[in-house]
Amino acid sequence: MTHEPAHGAAMHGLIRELFPICRSITGDGVRQTLARLAQEIPLVQHEVPSGTSVFDWTVPREWNVRDAYVKHPRGERVIDFRRHNLHLVNYSVPVRRTMTLTELRPHLHSLPDQPDLIPYRTSYYKEAWGFCLPHRQLEQLPDTEYEVLIDSTLAEGHLTYGECLLEGDTPQEVLISCHTCHPSLANDNLSGLAVATFLAKHLATVPHRYSYRVVFVPGTIGAITWLSRNEERVRHIRHGLVLTCIGDRASFTYKRSRRGDATIDHAVEHVLQHEDPGRRVVPFSPYGYDERQYCSPGFNLPVGCLMRSHHGHFPEYHTSADNPDFVTPEALAVAFSTLLSVFDVLEHDGRYVNLQPKCEPQLGRRGLYASTGGSSPSDLAMAMLWVLNLSDGQAGLLDIAHRSGMPFATVREAAERLERHHLLAAAP
């Protein structure tokens, strides 16, 4: 499947547009982001009130922030939320005080090993406050008094998530999930938002067997909330992917579902085998992104996680270096087309029965095999032999592609040709 450079540029443009917005697990930044995505796709916003019980969790109070700074006595903002929203610890409670550097110091966060970067820090479920700044700047702060302001609210409100359902020929669903809670971080996870949006935009224009449900949820609490409100609906989910950290220059990393051998695992691994020689496949673990909620034992959904650089394992992770220049239009375009290849496998995988199972049928007289012998069969001819040999009603096309080592698209074309010549039929 060819890559779409125009989509790459458009996705990168969307990332740049959304980058300045201060998102969190609740609040107006999430609503603003979803409103922008709704200009591209049919997106429904859902509001869940603070205090709502969602399994063992409770929807938290809503957080919004208007301004935050640490000001030098001369009037200079030495730390300024308006300059970069990573400067403020996400979910900081309101503060208005004058403090010495000694009093302020426990509330300042930096990265000594990366002294020029601003770290990303949160305090979602414990009332606290703080600022983040480059370690080099921290070391140079004068020992004086500072005016500290955090003009924020933490009040009863709502958790907001977005959902786009693209109905197919069947009610069986493919779930695509990405998190909306990170502020100015381009790879983690604006890349996931952008790719998921453009996938939905494309899928809305083409026929598909499966229904596709794209959810934009705040990390952890959002997925838990969505699952708590959709316990009956999840029985329709046949395949699922969490998308994150998908826009940098690294090869792909795929984290398998809890099942480890779900069709989505085989489909992604097959596509990456043929499209990305540097790919990595890692086993499921109960730490990471929202795949751990979808794969919790009470649901055990077939949901894996596709990324490029593995979260927590690249130096830009959760720092100000994860900016729009860290992700590329080319990487986004490849991610987009790779996912379309995965969906193509899911859409067209199926089991067939060989209608001439006793020895090989004579392909040459049907124009399906070279009339001159003595040379090796073409890839398509070889694929037809594999399909005929393994189509016993049990093996699917993806199984045949895996066993033969051939691309799924070639195996699918072989099956279609054989079916047209009445040598193959869909299994009952």
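## Cysteines

A disulfide is a pair of cysteine sulfur atoms within 2.5 Å. The model shown here is predicted, and a search of the whole structure finds zero disulfides.

C305 is buried, with a relative accessible area of 0%. For C22, the closest cysteine sulfur is in C181, at 11 Å, which is likewise too far for a bond.

## Overall build

The protein chain has 428 residues, of which 56% count as buried. Its secondary structure consists of twelve helices and 19 strands. Taken along the principal axes, the C-alpha atoms fill a box of roughly 90 × 45 × 35 Å.

Among contacts in the protein chain with a separation of 6 or more, 81% join residues 24 or more positions apart.

## Nonpolar cores

In soluble globular proteins, nonpolar side chains tend to be buried together. In this model the largest nonpolar core has 76 residues. The residues with the most contacts inside this core are V195, F216, L243, L306, L339, F343 and L418. Helix α5 (residues 186-203) supplies the largest share of the core, ten residues. A second, separate core has 61 residues, including V48, Y124, W226 and L301.

Leaving aside residues up to four places away in sequence, F216 touches L34, L37, I41, L43, Y161, G162, C178, T180, L193, A196 and T197.

## N187 in helix α5

Helix α5 also contains N187. Is N187 buried or exposed? N187 is buried, and its relative accessible area is 0%.

What does N187 touch, not counting residues up to four places away in sequence? Its contacts include the run T244, C245, I246, G247 and D248. F314, D322, F326 and V327 are also touched by N187.

How values were computed:
Residues numbered from 1 in each chain as written. Predicted model: local features only at pLDDT ≥ 70, side-chain atom pairs only at ≥ 80, totals over all residues. Heavy atoms only, no water. Buried < 20%, exposed > 50% of the residue type's maximum accessible area, 1.4 Å probe, protein only. Helix = DSSP H or I, 4+ residues; strand = E, 2+ residues; numbered from the N terminus. Contact = heavy atoms within 4.5 Å. Core = buried A, V, L, I, M, F, W, Y, C linked by side-chain atoms within 4.5 Å.
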